[in-house]
Amino acid sequence: MQNSSKKSRSERAAALRTRRFDWYDWTDRIKNLNLIQRATIVTLAGLILSLLLRSWEPPFPYRIGYVPQRAIPARIPFQIEDEAQTDVLRVQAARDVLCVYENRKEPLIELRGDLQDALFAIRDQEPNQPLDESQSSNLEHFGSQSEGSNSTSLDPQEIIDCVKKTLATDADITKFDAALQKVFSPLEEFGILETLRHDPQKGSQRFIKVIQQGKDDQRIDVDVSRVRRAELIITLKGSLEREFKQQFGEGTADLLAQIAHRFLAVKLPATLAFREDLSNVARIKAVSTVKPAMVSYETTYGALVPMGKLLGAKEIRLLRTEHHAYTQQMTLGQKFQRLAATWGLLAAVSLLCGFFIYQSRDRSPIMEVSKLLRLVGFSALTIIAAVFASRDPFHIEIVPVTLFAISAALVYGRPTALMLSAAICLVIAFSTGGDLAEYILTFSAAAGAILLSGRIRNRTRLVYMGLGVSLIVLATCLGLGVLTGQSLEFSSDPYGSGTGKSVPFYSSQLIFEAIKQAAFVAICGPLMVGLLPFIEQLFDIETDLSLLELGDMSHTLLKQLAQRAPGTYNHSISVASLAESAAESIGANGLLVRVGACFHDIGKMFKPNYFVENQMPGANRHDALQPELSTLVIIAHVKDGADLAKQHNIPQRIIDFIEQHHGTTLVEYFYHQAIKDNEGNKDIEEVSETQFRYPGPKPQTKESAILMIADAVESATRALREPTSSRIQTLVDQIAMKKLLDGQFDECELTLVELDAIKQSLIKNLNAIHHGRIKYPDQQSAG
């Protein structure tokens, strides 16, 4: 008979066909929606980052306290404001401004009326009649006041006669009024000033602006000498004599002018009041219109800052002005080139980090959209915060970098955190214009934080870690300062005798900068204590702190498990102890395994009596069930436990233990029971192993594999009648080998060396639990 497995010629030819080119595989991957989403996230993050950091402009690389090792020339001609000269011009403008005084002419009008009334009262005095009190007072004002130390008082009768003669008729009174009007007209228009009320630094002392009351917009520039009262009193007499001579001739004009002058000199009021509000407005306007005094620099000027000069605020201002002028003259093509170069840098860094993570054991940070979004967002936020924190006077970009490094180590592990931190420090260095020393300093802080983070089982660990990283930063900053020439040299010969030598010493600025950077890094440890709960919630991770809280035996689920299934509870505690020791023997996370073991069988609390550890002697509910149904009941505790854990917000890493601690193992007891029941019955189909296997998944981590072995070993040793050391060793070897041959460890990267270490740890601890005891005499007699 011809062999049916023999292939025809066409079938053999088809088998020789080559596979499609990888190009088609990549095309299929690109068409994948998930890949498009991930590429879009990275692209948008790069665009937003480049826009916020203004990547089309070169960064300003200088900071206060920096010592340039080369002279810094001007790249283009530019101008800078001479602030000192501009201040001089503004002060001068403030001194030259005309302050505003308000004129109230009503007192002058009243004074003119008082003069007329006094003269008319004397004129109307009857002959041979005594003077009343008012007339006597007026005569005193007219004649009792001398004009100088050499002048004498006027005779009262002479005053009376002059007034009566000059103001005898209505025409004379009209002339007198006209003369007074001309004399008082300039006084009423410009006002009278007792003394200047404004500071000489805030206004001119020669000229002022005069406004009439209620007319702020009508201003007159007035010479102070024309309105000062002391000077007006002197010029007033000449004005009176001139006007009276024009009206009354040469006869009595001089005497009348003298009489009026003596009256007015005593009562002449100050009518100008200082308006500080309007003066301030005028002064501010004058100062604001002053054009800055500019100093021009050319490319041939020489060095803006010489080599070795410590950059202070003045030098930084000069360099920043030159940098601003340089960026302003950049063409659109130059800006686009810088922008394209930045995108290229971000693309290269992203691909490098992505390839590194893709080659690692956990690819989920770049394969899952939600995790990639958190990774990219956290990285971009760190870069933006660091760039803004790098500006003067802060210069503390090391703080967000350190916080990122600690968080990345907790979320992604040390290797990935180191790679991400190196990439982020590189982007920050290019974005801030920092040199190699700046990159080394920030990365030393990040690397120190990652390497010292370790297992955080208490909050004090974070504080000590911050102090440790601060010492690293302090030493690195001082060392880089010496290597890059940031330290100064001081002479050991202060008296100039010529015998001393130059002694290198750290400059005070370098020491201050190193201490400042170390202090800010030290703060990152305590700061991380407050941020840790938010990091855990954002990235869905569990640190040792949260695991310790979760593993508390007073947890609601564990208390319910102890009440409903006490046998399962005791079994879980025993497995937790065994698994933790086994995990620590190979360097795995023992605390994580212990907490996972506490929760791994919580699904049994729904039907506790169907599991042997909770059954009373002689009672077995499976006796009334078919093997297939019993298997379903047993297997269901995995799904029930996972659902229950999700309802109580148990972290996913603990739920993974619940789902994976049985993997896809076979429920052997009921499987063999089903085979036994079907023996001799040819009408029933052959029993399939698939129906009697757990749904999985298989253990994905070493910790899950350890829990699987510890769970099986702990249960099996309870069935040993005499658990001697040799029997325990044989049992552990058999169970571990069975799991290995069944392929349960194929997806967790567990090596044979590690498997052997796990077995030895389990054997050691099981021997300690089941060790023999010496019977006491009363126990022997009782036996």
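Biologist: At roughly what angle do the axes of helix H16 (residues 369-389) and helix H17 (residues 398-412) cross?
Modeller: Axes are lines fitted to C-alpha atoms, for helices over the stretch in contact, and angles run from 0 to 180 degrees between N-to-C directions. The axes of H16 and H17 come within 9 Å, and they cross at roughly 165 degrees.

Biologist: On what kind of model do these values rest?
Modeller: Residues are numbered from 1 along each chain as its sequence is written, and side-chain values use heavy atoms, leaving out hydrogens and water. Local features need pLDDT of at least 70 and side-chain atom pairs count only at pLDDT 80 or more, while totals for chains, interfaces and linings use all residues, for this is a predicted model.

Biologist: How many helices and strands has the protein chain?
Modeller: Helices (H or I, at least four residues) and strands (E, at least two) are DSSP runs, numbered from the N terminus. Counted in this way, the protein chain has 32 helices and ten strands.

Biologist: Are H16 and H17 roughly parallel or roughly antiparallel?
Modeller: The crossing of H16 and H17 is at roughly 165 degrees. An angle over 145 degrees counts as roughly antiparallel. The two helices, H16 and H17, are therefore roughly antiparallel.

Biologist: How do the residues of the contact of H16 with H17 divide by class?
Modeller: Contact means heavy atoms within 4.5 Å. Among the residues that make it are Leu 375 and Phe 378 of H16, and Val 401 and Phe 404 of H17. With Ala, Val, Leu, Ile, Met, Phe, Trp, Tyr, Cys and Pro as nonpolar, Asp, Glu, Lys and Arg as charged and the others, Gly among them, as polar, the residues of this contact divide into eight nonpolar, three polar and one charged.

Biologist: Which residues does H19 bring to its contact with H18?
Modeller: Helix H18 (residues 414-432) packs on helix H19 (residues 436-453) at an angle of about 160 degrees, their axes being 9 Å apart. This makes H18 roughly antiparallel to H19. From H18 come residues including Leu 418, Cys 425 and Leu 426. From H19 come Tyr 439, Thr 442, Phe 443, Ala 446, Ala 447, Ile 450, Leu 451 and Ser 453.

Biologist: Is Ile 159 buried or exposed?
Modeller: Ile 159 is found in helix H7 (residues 156-166). Buried means under 20% relative accessible area, exposed over 50%, and partly exposed in between (1.4 Å probe, protein chains only). At 0% relative accessibility, Ile 159 counts as buried.

Biologist: What share of the residues of the protein chain counts as buried?
Modeller: The protein chain has 783 residues. Of these, the share that counts as buried is 42%.

Biologist: Where is Asp 540 found?
Modeller: Asp 540 has a positive phi of about 55 degrees although it is not a glycine. Most residues other than glycine have a negative phi. At 44% relative accessibility, Asp 540 counts as partly exposed. Its place is in the loop between helix H21 (508-539) and helix H22 (544-550).

Biologist: What is the omega of the peptide bond from Gly 696 to Pro 697?
Modeller: Pro 697 is found in the loop between helix H28 (668-678) and helix H29 (702-718). Most peptide bonds are trans. The bond from Gly 696 to Pro 697 is cis, with omega near 10 degrees.

Biologist: How far apart in space are Ser 688 and Ile 675, C-alpha to C-alpha?
Modeller: Ser 688 is found in the loop between H28 and H29. At 30% relative accessibility, Ser 688 counts as partly exposed. Ser 688 and Ile 675 are 13 residues apart in sequence, and their C-alpha to C-alpha distance in space is 9.4 Å.

Notes: Parallel < 35°, antiparallel > 145°, perpendicular 65-115°, else oblique.
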